[in-house]
Amino acid sequence: MASSRGPYAKSARVRAAAIEAAAELFGTAGYRGATFKDVASKLGMTAAGLTYYFPDKDALLAAVLHERDRPAVAEETAIPPSPSRSDITDHVMRILAENIAHPGLAELHCVLSAEATSAEHPAHEHFRDRYRRARELLTDTFAAATARGEIRPSVPPRTLATLLLGVLDGVQLQWLLDPEEIDMQATVRAFIADLLAPPDSP
């Protein structure tokens, strides 16, 4: 058993390096602009050699998306069963902090999600389903908060969810373009404070 650890460890290292290289290339050139051979070259290997770890570029993309979503999935599982307004704000701020700490992953999301609007893109279903899950989670959260009298009932919960996701993506894009000018966390925090204001707010 001990003698088998070396090859397995090397395979894990190469896979991790390939995912990192692909994420960087897809985030700058896009999925369509970067080739499987480009990823292999960045690793100092041939495309044929890379197929030992990933059969094709689609499989590599799937691994990149899985890695990109790991922090978000972890955050979702950390949300309390009946989150309050402050819980929602804290959750969003943690996501933004993660993106600020890893701007390459934020750029990857912007590039790939824009490309994936085409139904023929291999990541189309991934991003469509990801946004659907996020909308459903936020819709349920806002509906419960409205029922408890914590936020104004004037805007339907599903609309609130869609608005928040749109603002998060839009502010993140502006931050990526001009990070010295845009304070992403302060901007989003101010928006959430108004979007999820209590019923007695003006």
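**Exercise 1. Thr141 and its surroundings**

Decide whether Thr141 is buried or exposed, then locate it and list its contacts.

*Solution.* Start with accessibility: Thr141 has a relative accessible area of 12%. The cut-off for buried is under 20%, so Thr141 is buried. Bear in mind that this is a predicted model. Next, the location: Thr141 belongs to helix H7, which covers residues 124–147. Finally, leave out neighbours within four places in sequence, and Thr141 is found in contact with Pro83 and Ile88.

**Exercise 2. The length of helix H5**

Work out what span helix H5 should have at 1.5 Å a residue, and compare this with its end C-alpha atoms.

*Solution.* Helix H5 runs over residues 85–101, which makes 17 residues. The expected span is 1.5 Å times one less than the number of residues, so H5 should span 24 Å. In the model its end C-alpha atoms are 25 Å apart, which agrees. As a follow-up, look at which H5 residues are buried: they are Ile88, Thr89, His91, Val92, Met93, Leu96 and Asn99. Ile88 in this list is also one of the contacts of Thr141.

**Exercise 3. Aromatic rings**

How are the rings of Tyr52 and Tyr53 arranged?

*Solution.* The whole structure contains two aromatic pairs. For the rings of Tyr52 and Tyr53, the centres are 4.9 Å apart and the planes lie at 85 degrees. Planes over 60 degrees apart count as edge-to-face, so this pair is edge-to-face.

**Exercise 4. Salt bridges**

Take the salt bridges Glu24 to Lys42 and Arg130 to Asp69, and find the N to O distance and the accessibility of each partner.

*Solution.* The structure holds five salt bridges. In the one between Glu24 and Lys42, the N to O distance is 3.4 Å. This pair links distant parts of the chain, with Glu24 in helix H1 and Lys42 in helix H2, 18 residues apart. Glu24 is partly exposed at 46%, and Lys42 is partly exposed at 41%.

Move on to Arg130 and Asp69, whose side chains meet at 2.9 Å, N to O. Here too distant parts are linked: Arg130 lies in helix H7 and Asp69 in helix H4, 61 residues apart. Arg130 counts as buried at 18%, and Asp69 counts as buried at 10%.

How values were computed:
Residues are numbered from 1 along each chain as its sequence is written. This is a predicted model: local features need pLDDT of at least 70, side-chain atom pairs count only at pLDDT 80 or more; totals for chains, interfaces and linings use all residues. Side-chain values use heavy atoms; hydrogens and water are left out. Helices (H or I, at least four residues) and strands (E, at least two) are DSSP runs, numbered from the N terminus. Buried means under 20% relative accessible area, exposed over 50%, partly exposed in between (1.4 Å probe, protein chains only). Contact means heavy atoms within 4.5 Å. Rings of Phe, Tyr and Trp (its six-membered ring) pair if their centres lie within 6.5 Å; planes under 30 degrees apart count as stacked, over 60 as edge-to-face and the rest as tilted. A salt bridge is a side-chain nitrogen of Lys or Arg within 4 Å of a carboxyl oxygen of Asp or Glu.
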